[in-house]
Amino acid sequence: MNLNIDAGKNGKKQKLTIDAPRKKRKSRVSLDVKKARAGWIFVLPFVLGFFLIYLPVIFDAVRFSFHEMRFVIGGGYTLEYVGFQNYSEALFVDPSFVTTLLGGIKQLILDIPSIVIFSLFVALILNQKIAGRAAFRAIFFIPVILTTGLISEIDAGNILNQYMGDTSGIDDGSGQQSTAAEIVSVMDFEALFSNMMIGTEIVEYVVGLVNNIFNIVNRCGVQMLIFLSGLQSISPAIYESCSIDGASGWETFWKITLPMVSPMILVNTIYTIIDSFTASDNRVMAYIAGVTEQSGGDVLASAMYWMYFLIVILIIAIAAGLLSAFVFYQRKD
């Protein structure tokens, strides 16, 4: 601390330095830090559950995949280290695992884009100003509720549901059998596509999508809500500016709507991949579950699960890497 003191008539001034204690500044926590701390409080139950419950299970699953289990008379078991023998047996000895794995991955890779595109299409329709749109939103979300928990188990024993999935067909007296689940085959749309000189692979893909429309609608409820939230976050002023500039609805969709909801496309794609590859009716998951029920199949199933897990992670990384290059994030500043 510097003080100027007058020395007298000579007019000279002298500087006198006095050491005074500095005031300590109060530490102020920013709003972002407070929000981060509050976020950790909310996720704390999951973090504790992960380390106390899930992490030991994951560790045992990895350990089982590298061992052979031998049951002891009187109860219990012992583990003998065998290295990658279980992985080798799953890939080269089991005759059905690789075939089921490749078939399931191929089917899901074809289904995931259709689910994301269909949910975006439904969200665009339900975002319009139409009468009763709240009721329509609830109707499209009902399948999500019906396919979870106890209701899903009740529906699995539904006779009508079994009839819809029956491929044996019904005899209508005309000498031909038709299946309710095969909509395109009944209405003979497949022949229409063939007459248009379209490739066989595209025809089979479109026919499969239409025949699988019931399953697609059931699995697009959550994605639809995410797209709706993204569409409603777009400022109406942007659309008004486009309308004033004379942009058509088609141009507005490709230049404004699609880039603005591109982060939601990335989120929905990753969510759909995880949801599809871990569903209870997934053919790969069902096959591995059947291996688990066999005698001594726990260690072999653990190896299969971990290979399947790594493949799913690889697909998620590829999808995220490809879509991230096209994602547009709006700057708020």
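1. Let's start with some rings. Phe46, Phe50 and Phe51 come together as one aromatic cluster. Keep in mind as you look at them that this is a predicted model. Across the model, the count of aromatic pairs comes to 10.

2. Which of them is buried, and which is exposed? Phe84 has a relative accessibility of 58%, so Phe84 counts as exposed. Tyr87, in contrast, is buried, with a relative accessible area of 13%. The cut-offs behind this are under 20% for buried and over 50% for exposed.

3. Next, find the hairpin made by strands E3 and E4. E3 covers residues 67-71 and E4 covers residues 77-81; the two run antiparallel and are joined by 5 bridges.

4. Now for a helix pair. H12 (residues 236-244) packs with H13 (residues 249-260) at an angle of about 165°, and the axes are 11 Å apart. An angle over 145 degrees counts as roughly antiparallel, so that is how H12 runs relative to H13. Their crossing is right-handed. On the H12 side, the contact is made by Ile238, Tyr239 and Cys242, while H13 brings Thr252, Ile256, Thr257 and Met260.

5. Have a look at Ser302 too, which you'll find in helix H16, residues 297-324. Is Ser302 buried or exposed? Its relative accessibility is 10%, so Ser302 counts as buried. What does Ser302 touch, once neighbours within four places in sequence are left aside? The answer is Ala61, Phe64 and Ser65.

6. Finally, zoom out. The protein chain has 16 helices and 6 strands. It has 333 residues, of which 25% count as buried. Take the contacts between residues at least 6 apart in sequence: 58% of them join residues at least 24 apart.

Notes: Residues numbered from 1 in each chain as written. Predicted model: local features only at pLDDT ≥ 70, side-chain atom pairs only at ≥ 80, totals over all residues. Heavy atoms only, no water. Pairing = 2+ DSSP bridges. Helix = DSSP H or I, 4+ residues; strand = E, 2+ residues; numbered from the N terminus. Phe/Tyr/Trp six-rings, centres within 6.5 Å; stacked < 30°, edge-to-face > 60°. Buried < 20%, exposed > 50% of the residue type's maximum accessible area, 1.4 Å probe, protein only. Axes fitted to C-alpha atoms, helices over the stretch in contact; angles between N-to-C directions. Parallel < 35°, antiparallel > 145°, perpendicular 65-115°, else oblique. Left-handed = near helix turned anticlockwise from the far one by under 90°. Contact = heavy atoms within 4.5 Å.
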